[in-house]
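Subject: Structure handover and notes

Hello,

The structure is handed over below, followed by notes on what was found in it. Please read the notes with the model open.

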Amino acid sequence: MKILWLADSAVAPEPAQLLPGTHTWQVTRSLGEALFELEQERDAFEACIVCLPLTEDDAGVVVEEMLRVKRSLPILFIRDSGTAAEAVQLLQLGAFHYFDRYPERDALADFLAKLSLRQCTAQPGADGSWRQMVIGSSPAMKKVTDMVSLIASRRSTILILGETGSGKEVIARAIHQASPRAGKPIVAVNCAAIPDNLLEAELFGHVKGAFTGATNARIGRFEQADEGTLFLDEIADLTLDLQAKLLRVLQEREFQKVGSSETTRVDVRVIAATNGDLLERVKQQKFREDLYYRLHVVPIRIPPLRERVADIPVLVQHFVKKICDQERIPHKTASSEALQRLCQYAWPGNVRQLENAVEMAIVLSGDRTMLLPSDFVLPTKVAPKALDLAQPHIITLPEDGLDFEAVIGRIELNLLEQALERARGNKKLAADMLRLKRTTLAAKLKSLEALTCGSAK
């Protein structure tokens, strides 16, 4: 492996101190010299290592200029006692990795060996198949797909921001599919769905006898996702204690299982997601500032459905085909009047609510192949007193009947999602709106999502 080495500081180590002799490197002392070597042998260099600080050259300019010459060049920065802020800045500019301390000789060699292997391995997502996962061509979604295409090949941590039901997990899976890790597993964890006292063992695993009931050892989600991607949904719900442990994994790529003193190293790309305002939680001292900047390396905002109305017809078509195929029934078509009505609706539950509405419409349409406006039950935000429970024919019963449990479950789920949307994801507040206990709301969500739509994302 041939490496371009850039270091002009008298205190920076020589390549031989950090890398074994099996590697070859070209030592340069300035950005100009490094760019000259890169332009002469663009295809020969497999990586560039930059030791900071640099006397004359700004690290950000180093990234921009080198990527201008060779866009696919992995650039690794090393600084003794580096800072999270500097790491975020350089990774956002396109650096491949940032070591905030001088790595051990073997650790750097292992990192470069894995990098070389990834570069030599065919990328399963390089054919663009991941684009089929992202439905929509509106300007708002084009920005998202452009970002996915830009960052998928990088190792950078990603934070996906978006309202409930907007499709954060879909984008996470698209990033994984478009990356060199596509042949490895992507493991998803909903941090809000697992009790706090069990989440640590869920993430990191545990040894036999670590706690009462731990009759067998268990591999955690980080280890399951080794060489792949870990998607942490609802990251804002992590306790401060777990936030500290997650920060260590992101920094050191290692952790300890519950009940063990041994260290486990992993190569995992972390994609986190939240529907809340993490920066506001930082101000409230409910979320660690250093973890926020570790996660906020590359932020992606998923637009709510009301900001991408042009995508509604194609989404409806996609969901109709998907649901009809699952039910093994002839394909149906939404009428132009139905599509017009759907495009005029605000969709507080976003894409997930649209999918639910399409599924209900298919149920209510019976044997008809055309979906009419009356088939789509679209609740409006009304005050409790305006809800007339005695009103007849809120839902019209088709002549051939319907699946009662599925329809009632869909209505319940829609109300739960509206409450969560209004409460900005706060389950306690949402439960209060519905006069439910928080545990009851969580249990209903789990059972209803399984009943009415299987995988919600």
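Helix axes here are lines fitted to C-alpha atoms over the stretch in contact, and angles run from 0 to 180 degrees between N-to-C directions. This is a predicted model in which local features need pLDDT of at least 70 and side-chain atom pairs count only at pLDDT 80 or more, while totals for chains, interfaces and linings use all residues. Residues are numbered from 1 along each chain as its sequence is written, and side-chain values use heavy atoms, with hydrogens and water left out.

Overall

The chain has 18 helices and 16 strands, taken as DSSP runs numbered from the N terminus (helices H or I, at least four residues; strands E, at least two). Of the 457 residues, 48% are buried; buried means under 20% relative accessible area, exposed means over 50%, and partly exposed is in between (1.4 Å probe, protein chains only). Contact means heavy atoms within 4.5 Å. Among contacts with a separation of 6 or more, 70% are between residues 24 or more positions apart.

Helix packing

Two packed helices are described by the angle between their axes and the distance between the axes.

The axes of H6 (residues 139-151) and H7 (residues 168-178) come within 9 Å and cross at roughly 35°. Their crossing is right-handed; a crossing is right-handed if the near helix is turned clockwise from the far one by less than a right angle, and left-handed if anticlockwise. H6 contributes Met-141, Val-144, Val-148 and Ile-151 to the contact, and H7 contributes Ile-171, Ala-174, Ile-175 and Ala-178. By class, this contact has 8 nonpolar, no polar and no charged residues. The classes are nonpolar (Ala, Val, Leu, Ile, Met, Phe, Trp, Tyr, Cys and Pro), charged (Asp, Glu, Lys and Arg) and polar (the others, Gly among them).

H8 (residues 196-204) packs against H10 (residues 240-252) at an angle of about 15°, with the axes 11 Å apart. H8 is therefore roughly parallel to H10; angles under 35 degrees count as roughly parallel, over 145 as roughly antiparallel, 65 to 115 as roughly perpendicular and the rest as oblique. The crossing of H8 and H10 is left-handed. Leu-199, Glu-200 and Phe-204 of H8 meet Leu-242, Lys-245, Leu-246 and Val-249 of H10, a set of 5 nonpolar, no polar and 2 charged residues. The buried residues of H8 are Leu-199, Ala-201, Glu-202, Leu-203 and Phe-204. Just after H8, Gly-205 has a positive phi of about 85°.

H15 (residues 350-364) and H16 (residues 404-422) have axes that come within 11 Å and cross at roughly 160°, which means that H15 is roughly antiparallel to H16. This crossing is left-handed. On the H15 side the contact involves Arg-352, Gln-353, Asn-356, Glu-359, Met-360 and Val-363, and on the H16 side Val-407, Arg-410, Ile-411, Leu-413, Asn-414 and Glu-417. Those residues divide into 5 nonpolar, 3 polar and 4 charged.

Leu-354 also lies in H15 and is buried at 0% relative accessibility. Beyond its neighbours within four places in sequence, Leu-354 contacts Leu-305, Ile-312, Leu-315, Val-316, Phe-319, Leu-342 and Trp-347. The C-alpha atoms of Leu-354 and Leu-342 are 8.5 Å apart, with the two residues 12 apart along the chain.

Salt bridges

There are 26 salt bridges, each a side-chain nitrogen of Lys or Arg within 4 Å of a carboxyl oxygen of Asp or Glu.

- Glu-169 and Arg-173 pair at 2.9 Å, N to O. They are 4 residues apart in H7, so about one helical turn separates them. Glu-169 is buried at 13% relative accessible area, whereas Arg-173 is partly exposed at 31%.
- Arg-221 and Glu-202 pair at 2.6 Å, N to O. Arg-221 is in H9 (residues 221-224) and Glu-202 in H8, so the pair ties together parts 19 residues apart in sequence. Arg-221 and Glu-202 are both buried.
- Lys-322 and Glu-355 have their closest N and O atoms 2.9 Å apart. Lys-322 is in H13 (residues 312-327) and Glu-355 in H15, so this pair ties together parts 33 residues apart in sequence. Lys-322 is partly exposed at 30%, and Glu-355 is buried at 9%.

Salt bridges with shared partners also join Asp-100, Arg-101, Glu-252 and Arg-294 into one network.

Regards
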